[in-house]
Amino acid sequence: MKAFTTKLVDLTQKNSETIARQWAKDVKTNAKTYTYHEASEDKIILQAKDFYSNFQMMFFHESPYEQAEEIFEKYAEERYREGTPLHEALYALILMRRHMWLYAEFQAMFNAEVEHRQAVGSLSRTILMFDYIIYVVARKFWKLMKLELLAIKNTQ
Amino acid sequence: MQTYATKLIDLIESKAEGIAKQWAADVMKHDRTPSYHSLPKDMVIEQGTDFYKLFRRMSLAENSYEEAKTFSWKYAEDFYRKKIPLHEAIYALILMRRNLWLYAEFQGTFVTALEKQQAVESLNRTILMFDYVSYQVTEKYQELIIGSVERRLGAIKTLMMKGQIGGKGSTYKIGLMTIFLLVACVLTYYYHAILGTGIIFTHLFYIPIILASIWWGKKGIFAAIFLGVLILTSHALFLKALPFVDDIIRAIMFVLIGGVIGWLMEGIKKVEEMYQ
């Protein structure tokens, strides 16, 4: 199982540029990620590449949740400062996960029967990591919104 | 594939309440969903049951994304009203999906190799459903927050004359303010020069002072300064016999009130911009 899991994340990491480009193409035309349509392609590709690199680090970390907090709070803050609405930021993350999976499928990674069996476990692990990320990003956005309101109140 | 999906859908629907109860027990003590700990258990179970029943409706619907809204919007509205933070509402959804999967595994739904193979597709289906719901819930939460802020700012926004009469609000504001200031000049001259009194007419000056601060924020203080200078100059010219103190206090109050309201309005504008 460990070997298979490694295979999926390694594949993503080795091909992060290609997956990031596919994701960027998607996010720039998807109706649910409107804010990304006007963004510079190079900038968002870099964003996705960084994400996949951080994702790998988190995936193999002993405490992935703590690692998610450390890495993805910063990610959330950057999206917040850019003015990306939370639902779009979350959907962009969902598309990142989907593109990881699509690429793996496209590469016929799950053809063998035994691999299909193991894929369930691997997919579950990937989803768990994304669950952590989504929670951390949503919580950080919520905190930033509250802080901003508090700062406004204080200036009054 | 269809057979397997139907099998899973049947399992989820027939056991919806049971899975919802497991989820409720989980969410009502989970560290990442503390706001759920004090909610009425029945209400939480009902939300869970609705979510699990949605699975079949989404599978049958022509447009599953639109079908998901029937659940998502109600879920967002209910929990927003209960003051549940968005990240907790999302994590509760994550737990819903996790409990569904755990239940299916516990029931031995994925025993054979073929079933394991099909399970990948089935897992994708539940993920897709979750993706739609979490997106819609987040979007709805934000709509509700914006709606609540707009309702609270409603009266002030009306006074701000935003987008009035074909978007020419600022022209009308300048016109109206000019009229107010001219009337103030006439009143000052009438009371000071003709009647020779500093009687309470200056209270009317707060109308342009407040409106100027609402319309132009901190810059609105210039209207207050103008009116302060006006009564002091007029007093110096026409009311030499009367003590200056009262009008000095009035002028200071004009500037103070104008300044405070302008400052508050800058804050309100920031809130408005943030939610836009």
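Helices (H or I, at least four residues) and strands (E, at least two) are DSSP runs, numbered from the N terminus. The model is predicted, so local features need pLDDT of at least 70 and side-chain atom pairs count only at pLDDT 80 or more, while totals for chains, interfaces and linings use all residues. Residues are numbered from 1 along each chain as its sequence is written, and chains are lettered from A and ligands numbered from 1 in the order in which they are written.

Stay on Asn15(A). Is Asn15(A) exposed, partly exposed or buried? Asn15(A) is partly exposed, because 17 other C-beta atoms lie within 10 Å. A residue is buried with 20 or more other C-beta atoms within 10 Å of its own, exposed with 12 or fewer, and partly exposed in between; C-beta atoms are placed from the backbone.

Tyr52(A) is 37 residues from Asn15(A) along the chain, and their C-alpha atoms are 9.7 Å apart.

Next, show H2(A) together with helix H3 (residues 41–59) of chain A: their axes come within 8 Å and cross at roughly 130°. H2(A) is therefore oblique to H3(A). Axes are lines fitted to C-alpha atoms, for helices over the stretch in contact, and angles run from 0 to 180 degrees between N-to-C directions. Angles under 35 degrees count as roughly parallel, over 145 as roughly antiparallel, 65 to 115 as roughly perpendicular and the rest as oblique.

Now pick out the residues where the two helices meet. On the H2(A) side they include Ile19(A), Ala20(A), Trp23(A) and Val27(A), and on the H3(A) side Ile44(A), Ala48(A) and Tyr52(A) are among them. Residues are in contact if their C-beta atoms, placed from the backbone, lie within 7 Å. The contact of H2(A) with H3(A) involves 9 nonpolar, 2 polar and 4 charged residues. Ala, Val, Leu, Ile, Met, Phe, Trp, Tyr, Cys and Pro count as nonpolar, Asp, Glu, Lys and Arg as charged, and the others, Gly among them, as polar.

Zoom out to chain A, which has 6 helices and 0 strands. Of its 156 residues, 39% are buried.

Finish with chain B, where there are 11 helices and 0 strands. Buried residues are 33% of the 276 in chain B.
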